[in-house]
Amino acid sequence: MINRRHLIASGAALAVAGCGRGERPLHSADAHLADYPTVQGVQAMADMVAERTSGRLSVKIFAGGQLGSERDTLELTVFGALDLNRVNLAPLNSISPETVIPSLPFLFNSIGHMRTALDGAPGQQILDALAPHGLIGLCFYDSGARSFYNTRGPILEPADLQGMKIRVQNSDLYVAMVEALGANPTPMSLGEVYQGLVQGVIDGAENNWPSYESTRHFEAARYYSLTRHVMAPEILVMSRHRWERLSEADREIFREAARASVPVMRGLWDARVASSRERVLAAGVEANEVADIAAFSDRMESVWDRFVRTDVQRRLVEDIRNMGGEA
Ligand code: GTR
């Protein structure tokens with residue numbers, strides 16, 4: 001956890017970085033490198049905002065985790081030292097109980113189901129629930145399905161995870177999920193994972209194809225087992241401090257541009273999933289399907305019971321399940 005002195009120092013550095021002619025650009029953080037679809041999605045939004053305002057409003061993206069881990073940059077965003085932030089839902093789980101729902105293991109039947117739910121009323125409700133916590137939810141981006149990878153061997157059943165040290169994001173839900181599968185969860189920021197794998201501090205982690213590839217984790221952990229246990233999306237948030245300084249017309253421009261950037265991001269995402277998969281397989285990664293997914297999902301009952309606690313959460317689960325159609 002970063003302290004207040006760091007927050008103020010980073011905030012001041014960001015403000016100086018933005019000095020210049022006209023209004024300073026809004027600053028946006030992303031853990032991924034510049035060519036990753038999340039960064040490109042935010043860039044598409046930024047281009048639309050700049051066009052609609054003839055350059056009066058602009059966005060500068062700090063990619064590659066330059067501004068720190070997602071947990072730290074979220075603190076900066078809530079505090080108002082950072083304007084925009086693209087993060088996964090996981091680090092928001094402790095801030096807003098609504099964000100826990102799309103992060104639940106084995107909730108969505110398919111990528112299509114996830115997209116329908118997040119484009120619809122449940123998604124809007126989750127975005128809106130962030131405002132009391134100092135964040136304005138602008139849109140969700142795709143993050144595909146997360147699966148386990150490790151340095152030891154293929155995972156075909158939960159017993160194969162027994163005793164393995166698995167890195168998880170900073171979220172109690174992820175800790176509980178990995179524990180329920182019999183492994184030892186180790187919360188860690190994304191930037192520390194590669195070294196952790198190489199040095200044997202951890203045996204594995206879990207992520208989608210593009211992150212497994214772009215972080216080069218596949219070079220250190222060569223077994224990728226398609227459990228597809230979580231389909232939690234990415235989210236783009238604006239600091240409420242910055243939002244409140246925008247006119248109603250400018251807020252609408254941001255809302256519309258964010259909405260319009262979603263299909264752009266999804267197109268890039270689908271292409272990146274295919275190319276990342278191809279790249280890691282060509283590099284000799286051993287990927288395996290998991291025939292008995294129920295052996296994993298059956299263990300999630302206690303996790304759901306522990307994390308789905310309020311009526312609002314239960315209704316969200318029900319609404320999302322009703323949108324599922326055929327698996
Ligand atoms: C990626 C996600 C990042 C981050 C990362 C992680 O899929 O895009 O925002 O959450 O996973 O595991 O830390």
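**Pockets and a helix crossing in a predicted model**

In this predicted model, the largest pocket holds about 520 Å³ of space.

User: What makes a residue count as part of the lining of the largest pocket, and which residues are closest to its centre?

Analyst: A lining residue must have an atom within 4 Å of a point of the pocket, and 29 residues line the largest pocket, with A31, E70, S189, L190 and G191 the closest to its centre. The elements that give two or more residues to this lining are α3 (70–79), β3 (84–88) and α9 (209–214).

User: Which element gives the most to the lining of the second largest pocket?

Analyst: That element is β4, with 6 residues, in a pocket of about 390 Å³ whose lining divides into 11 nonpolar, 4 polar and 5 charged residues.

User: What makes α2 and α12 helices in contact, and how do their axes cross?

Analyst: Contact means heavy atoms within 4.5 Å, and the residues that make it include A44 and M48 of α2 and A257 and V264 of α12. The axes of α2 (residues 37–52) and α12 (residues 248–282) come within 8 Å and cross at roughly 145 degrees, and the crossing is right-handed.

Methods. Residues are numbered from 1 along each chain as its sequence is written. This is a predicted model: local features need pLDDT of at least 70, side-chain atom pairs count only at pLDDT 80 or more; totals for chains, interfaces and linings use all residues. Side-chain values use heavy atoms; hydrogens and water are left out. Axes are lines fitted to C-alpha atoms, for helices over the stretch in contact, and angles run from 0 to 180 degrees between N-to-C directions. Helices (H or I, at least four residues) and strands (E, at least two) are DSSP runs, numbered from the N terminus. A crossing is left-handed if the near helix is turned anticlockwise from the far one by less than a right angle, and right-handed if clockwise. On a 1 Å grid over the protein atoms alone, a cavity is a set of points where a 1.4 Å probe fits but cannot get out, and a pocket is an open set with protein on both sides within 12 Å along at least five of seven lines; lining residues have an atom within 4 Å of a point. Grid points are joined across faces, edges and corners, and a volume is the space filled by probe spheres set on the points. Ala, Val, Leu, Ile, Met, Phe, Trp, Tyr, Cys and Pro count as nonpolar, Asp, Glu, Lys and Arg as charged, and the others, Gly among them, as polar.
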